[in-house]
Amino acid sequence: MKFQPSELPIGKPQPRRRTSKLAPLVALTILLTIPLYYPSIKDSTKKLSVEETSQTFESSLDDPIKPSLDNSIEKPTSHLETSPIETPSTNPCSDDDAECNIDKSRDNDDDAAEAVVPQSPPPRHQSPQKKKHEKGGQKHKKPARKYSSSSSSSHQEIVSRGGDRGAVRERILDDEQCDLFSGEWVPDPDGPYYTNDTCNAIQEHQNCLKFGRPDRGFLKWRWKPDDCEMPVFDPTQFLELVRGKSIAFVGDSVARNHMQSLICLLSRVAIPVDLSDPLDQNRRYEFRDHDFNISMFWAPYLVRTEKTDPKDEKRPFNLYLDEFDRHWQTGIAAFDYLIISAGHWFFRPTYFYLDGRLAGCLYCPDPNLPHLTSYFSYRRAFRTAFSAINAAGFAGVTFLRSYAPSHFEGAAWDKGGDCVRTRPFRKDEIQLSDYSLEMYLIQLEELRIAQKVGRRTGGKFRIFDATRAMLLRPDGHPSKYGHLQGANQSFANDCVHWCLPGPIDAWNDFLQELLKREVGDSR
């Protein structure tokens, strides 16, 4: 256990010196007095810290982001962890989804009102706990909450390690509804509900069954919330829920992974018309018999982005962190539901612009630029994206699908790291930690800000909290089964995306229930 200066263990007693008769009385008085005062001093310090944090966080909800870089500067760091890309290559940072060079320091954003959360350098892989973690911190309860007995047990670690920041999750959940996202994976002998033979929307690198994954146990689980039942996806019921409506996904290839899972589940009863350009990252599908359509807006950074070399995607990108991505911002008006997400791309080398000026970079070779963290860009990108939705006057419902952790074990992605487990973790076997916890908390805080703005503008913002459920599924990634097997293959293992069929199908169990709630609320 690491002690703070004020919590050092008592040292070994030293030989006692010959003293006057009054000395023992004086010493005894001091020893009896210190314990009486020390706890109160320590507690008052804690209370002050929490109060200051809470006040700062609440005040930040009205403040625009300022281009203050003082507390966001990061010294250049060594390579720590990356994730595989959509099309594996010798340089995974250059292609679809890369989680490159996880930064060691966190972004202390003046306007994000972050409480101090100790951050250690992100590990090369998420590792399970050997012992059941202790429950730390107190649960932040809201009055008249119907579902509070066990619904937050899965998230106690967030409250305990995130301090007041962890309590943000309680504020953005619907008080009167069961918490769908706190729970555990339970056996489901009926799964899977489609195969790679019945769905043609599966991309090769997620087609684990086609490329010889030998086990099938990872297909036999479903998500069970702690305090209620959540039915598995019913394609007929879902198509009735969305008749005459439309859904847009905004994000990266994990967002597309989710969309393809939805199409596969729906293909049991209806085949959509694919209106997409095969060479375009953006997608559009129409279920014409149900007057329903699904679109994908490719936006891995959510904000205006430019390639530093138009002909080479291996080069860093320029991110204009305070400028809208007009491609998707102007295209969402016609949709009823928007599912927005982002994650692993923010660990790639990038240059950051604020007010049209170069403000810093992440993993660039320029010693004269401020080296900022991925948290710096992640927070600002979500703040700008939510502002874009409010500015567009979007009349539908926006769901923030939260960060889905990767599961490299043994080494980094480019050092042979892999995800070879064949069953889920139990919820007491692993904790959300380090950079995954920080990314998750940033999303919750920015969603909270968007909700407050939305109450004034009419915008509706909801949480689609997939983080905890997917943290527990190290068995659901393609690993090496996203391509043909061969002795001369040099592909990186993919522990970022999800097999289809696979655990990501549960996201549509969530979606079905969330849409039921929206339809019920509108009546």
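Which residue's side chain does the side chain of Glu446 join in a polar contact of 2.3 Å?

1. The partner is Arg383, whose side chain is joined to that of Glu446 by a polar contact of 2.3 Å. The model is a predicted one, and the distance should be read as a value computed from that model.

2. As for its setting, Glu446 is found in helix 8, and with a relative accessible area of 1% Glu446 is buried, because buried means under 20%.

3. Ser402 lies in the loop that runs between strand 12 (397–401) and helix 8 (434–457). Although Ser402 is in a loop, its relative accessibility is 0%, and Ser402 therefore counts as buried.

4. The surroundings of Ser402 can be named: leaving aside residues up to four places away in sequence, Ser402 touches Tyr440, Gln443, Phe464, Asp465, Ala466 and Thr467.

5. At the start of helix 5, a side-chain oxygen of Asp252 reaches to within 3.0 Å of the backbone nitrogen of Val254. As to burial, 14 of the 14 residues of helix 5 are buried, and helix 5 is therefore largely enclosed by the rest of the structure.

Conventions
Residues numbered from 1 in each chain as written. Predicted model: local features only at pLDDT ≥ 70, side-chain atom pairs only at ≥ 80, totals over all residues. Heavy atoms only, no water. Helix = DSSP H or I, 4+ residues; strand = E, 2+ residues; numbered from the N terminus. Buried < 20%, exposed > 50% of the residue type's maximum accessible area, 1.4 Å probe, protein only. Contact = heavy atoms within 4.5 Å. Polar contact = N/O pair within 3.5 Å; in protein donor to acceptor, adjacent residues only side chain to side chain.
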